[in-house]
Amino acid sequence: MQPASAPTAAFDATGHFAKRKRTALWFTVSLLVVSLFILTIGLTATTRTENITVGGYYPGIILGFGSFLGVIGIHLVENRKQMLVASIVFISFGVVAAFCCAIVDGVFAARHIEPRPLYTGRCKFYASGSGLAYDTQQTEVTCSSGSNQCQLRIRTHTCYCCDLYDCENSDEATSYYEFVGVNSCQDVVHLYRLLWTCTILNIVGLFLGIVTAAVIGAFKDMVGLPLNRLV
């Protein structure tokens with residue numbers, strides 16, 4: 001009976017190892033896909049305007065590189081543990097970056113972009129008519145704030161909202177009232193949605209990165225188990 005139990009135990013250990021490997025691979029590939037979405041949407045948002053910079057794509061780079069190392073490490077035979085350790089380190093840094101960027105982009109979208117004038121069509125778009133994307137021509141428009149009127153100097157290819165511009169305290173405005181380098185005010189609406197999408201994706205990447213690092217860590221510790229059981 002004893003010789004027959006050894007192959008059975010080895011088979012069970014091998015099956016358990018294969019199951020943990022599939023689980024680790026599934027989480028790692030899922031994190032890689034989420035990272036690509038974060039990177040793509042973050043880059044799209046940060047290039048939408050000239051005067052608003054979004055940093056939400058940085059976690060996509062770090063998490064993507066960490067999950068890529070994880071996919072490679074899971075399939076390695078030699079130096080597997082070292083590769084998985086490197087993957088966990090990068091994923092951990094990516095988790096921290098995702099947490100920070102989710103807060104920064106979320107607070108920025110909530111506090112500094114007021115979408116209601118954009119949705120109601122009260123914002124206006126100025127283009128010089130030259131057709132050049134990098135035209136530096138400027139003009140002055142008249143904005144009303146209560147009973148006061150003031151002149152606002154804007155550049156070409158700018159969406160501006162007089163509803164958000166305070167003529168008396170222009171330096172203390174909390175919301176952006178002009179968006180430079182856009183093709184229409186609809187681009188600003190897209191930017192607002194992209195910011196919230198990037199924030200949500202970073203939150204997903206945060207929790208998925210934590211779980212993935214834990215799964216890879218558990219798989220890393222049982223790398224040599226099947227071979228030892230089979231000998």
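**Notebook: salt bridges**

I began with R122, which counts as exposed at 52% relative accessibility. The model is a predicted one, and I kept that in mind for each entry.

Entry 1. I looked up the partner of R122. The side chain of R122 meets that of D163 in a salt bridge, with 2.3 Å from N to O. I then checked where the two residues sit. R122 is in the loop between α4 (116-119) and β1 (124-126), while D163 is in the loop between β4 (158-160) and β5 (178-180), so the pair ties together parts that are 41 residues apart in sequence. For D163 I noted 40% relative accessibility, which counts as partly exposed.

Entry 2. I asked myself how many salt bridges there are by this rule. The count comes to five.

Entry 3. I found R48 in a salt bridge with D187, where the closest N and O atoms are 3.8 Å apart. This pair links distant parts of the chain: R48 belongs to the loop between α1 (2-46) and α2 (58-75), D187 belongs to helix α5 (residues 186-221), and the two are 139 residues apart. Is D187 buried or exposed? I found D187 buried, because its relative accessible area of 12% falls under the 20% cut-off. R48 is partly exposed, with a relative accessible area of 23%.

Entry 4. I looked at R116 and noted a salt bridge between its side chain and that of E114, at 2.7 Å from N to O. R116 is exposed, since its relative accessible area is 59% and the cut-off for exposed is over 50%.

Conventions: Residues are numbered from 1 along each chain as its sequence is written. This is a predicted model: local features need pLDDT of at least 70, side-chain atom pairs count only at pLDDT 80 or more; totals for chains, interfaces and linings use all residues. Side-chain values use heavy atoms; hydrogens and water are left out. A salt bridge is a side-chain nitrogen of Lys or Arg within 4 Å of a carboxyl oxygen of Asp or Glu. Helices (H or I, at least four residues) and strands (E, at least two) are DSSP runs, numbered from the N terminus. Buried means under 20% relative accessible area, exposed over 50%, partly exposed in between (1.4 Å probe, protein chains only).
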